[in-house]
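Hi everyone, thanks for making time for this.

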Amino acid sequence: MKKFVAAAAGGIVAGLLVTTQVAGPLLAQESERKTNVYEQLDLFGDIFERIRIQYVEEVDEGDLIEAAINGMLTSLDPHSSYLSPDDASDMRVQTRGEFGGLGIEVTQEEGFVKVVSPIDDTPAASAGIEAGDFITHVDGESVLGLNLDEAVERMRGPVGSEIVITVVREGEPEPFDVTIIRDTIKLTAVRSRTEGDSVVLRVTTFNDQTTPNLESGFAKQVEELGGMENINGIVLDLRNNPGGLLTQAISVSDSFLEKGEIVSTRGRNPQDGERYNATPGDLAEGKPIVVLINGGSASASEIVAGALQDHRRAIIVGTKSFGKGSVQTVMPLRGDGAMRLTTARYYTPSGRSIQALGVSPDIVVEQPRRAPETEDEEETNRNIRSEADLRGSLNNDSLTEDERRQIEEDREKAEAAAKLREEDYQLAYALDILKGLSALGPTE
């Protein structure tokens, strides 16, 4: 017993010694770190005072402080930034679905403004701006050297005013100018329609209206087709969707999943991680889903595509997505401003991060650029003839009137599909997948 107590006491003494030896240097390092931080803050104060007093022109002290704060945040990553009171107000309006501008989602790459995606039915989309375009000049002035917020500010202006942006596009030998008239951007979060027996849900953004629009639009198309039994599947079109609210990405994913994880987020501290799971109920009642993505599909779009892909609930078609796998938290600051700070990375249900990698489609389908039809091709198409066009050809007397009508309807559908293939090859491909799946019939 005496030996045990002695050993224990020796262990305590040794423990105290080790603690003292380890904690001493750590405390010294922490003290030194704090000293360095205070020295740097003193340096900042010295520079600020020199600029305020000695700069060649008088400067606004508030602007200097804002620039310093924004510089600190933008040095972290392309998505962290300071929001002035006006910018913070604009952002709150955007999440509600209406704002003024050109209608493009942008990021910054190599000092230039890069278009993540144009927004449907906006001045930028109408002017032909494409995902992946680089904007190098605004009204003849270079944006190189400006931070993203400054570049965006150059592109803002009164509704109805004109702006000329210079675009560099892959595949184009020279930069070219695009003239755009600014307008009020009203976002319709989801547009729904039918193509044959398929429902097409075009999701343009993830704001407060996305899930309600999705549910009401889908219900309307189901009613028009006469019920779920007449639907062969759904195309969820997320192309050129720059993202938006994380909560809406989770809600949209949940609309088509019965159970399982949708997405998880992991921050700097492991205890800050969160997991979001699906709740029972599938809006599509198990019908096949094809999700369309491209290089303009980012953030919330990638969460939805990744979740449905990992759960094998949908076939992903198109090209690799943008690869924004980080979560930004908007934190209100004094003076009505706000800070947008990257606080976590998100992971798909299988545990993969898509940061800088994107979601890879199950079937890669490029969207070919439309080439104008030549005169020779037009002439060839006009001269194509069939047996029915020949003078004196025999009639098909084996068909009833109803059968003839059905054949004509099928031909019209085929011609409509061919026309769609010329206008939107990726969408036509997605619809062909749904037709093929429905042709196989249910498995037993």
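Before we start, one definition: two strands count as paired if DSSP finds at least two bridges between them. Please also keep in mind that this is a predicted model.

Which residue in β11 is the bridge partner of Arg191? It is Arg202. Taken as a whole, β10 and β11, residues 198–203, pair in the antiparallel sense, and six bridges link them.

Now zoom out to the whole sheet. It is an open sheet of six strands with mixed pairing, and the order runs β10-β11-β12-β15-β16-β19. At the edges stand β10 (190–195) and β19 (363–364), and each has a single partner strand, so one side of each has no neighbour in the sheet.

Next, who packs on this sheet? Helix α8, residues 300–310, does, touching β12 (233–237), β15 (289–293) and β16 (315–318). The direction of α8 makes about 140° with that of β15. Helix α11, residues 425–440, packs on the sheet too, and it touches β10, β11, β12, β15, β16 and β19. For α11, the angle with the direction of β15 is about 165°.

Let's stay with α8 and meet a helix beside it. The axes of α7 (residues 246–255) and α8 come within 9 Å and cross at roughly 25°. Angles under 35 degrees count as roughly parallel, and α7 and α8 are therefore roughly parallel to each other. The crossing is right-handed. On the α7 side, the contact involves Leu246, Ala249, Val252 and Ser253, which meet Ala300, Ile303, Val304, Ala307 and Leu308 in α8. By class, that contact has eight nonpolar residues, one polar and no charged.

There is another helix to meet here. α6 and α7 pack with their axes 9 Å apart, at an angle of about 25°, so α6 and α7 are also roughly parallel to each other. Thr210, Thr211, Pro212, Leu214 and Glu215 in α6 meet Gln248, Ser251, Val252 and Ser255 in α7. This contact has three nonpolar, five polar and one charged residues.

To finish, is α7 mostly covered or mostly uncovered? It is mostly covered, with seven of its 10 residues buried; among them are Ile250 and Asp254. The cover over those buried residues includes α6 (210–224), β13 (261–267), β14 (274–277) and α8.

Terms used. Residues numbered from 1 in each chain as written. Predicted model: local features only at pLDDT ≥ 70, side-chain atom pairs only at ≥ 80, totals over all residues. Heavy atoms only, no water. Helix = DSSP H or I, 4+ residues; strand = E, 2+ residues; numbered from the N terminus. Contact = heavy atoms within 4.5 Å. Axes fitted to C-alpha atoms, helices over the stretch in contact; angles between N-to-C directions. Parallel < 35°, antiparallel > 145°, perpendicular 65-115°, else oblique. Left-handed = near helix turned anticlockwise from the far one by under 90°. Nonpolar A, V, L, I, M, F, W, Y, C, P; charged D, E, K, R; others polar. Buried < 20%, exposed > 50% of the residue type's maximum accessible area, 1.4 Å probe, protein only.
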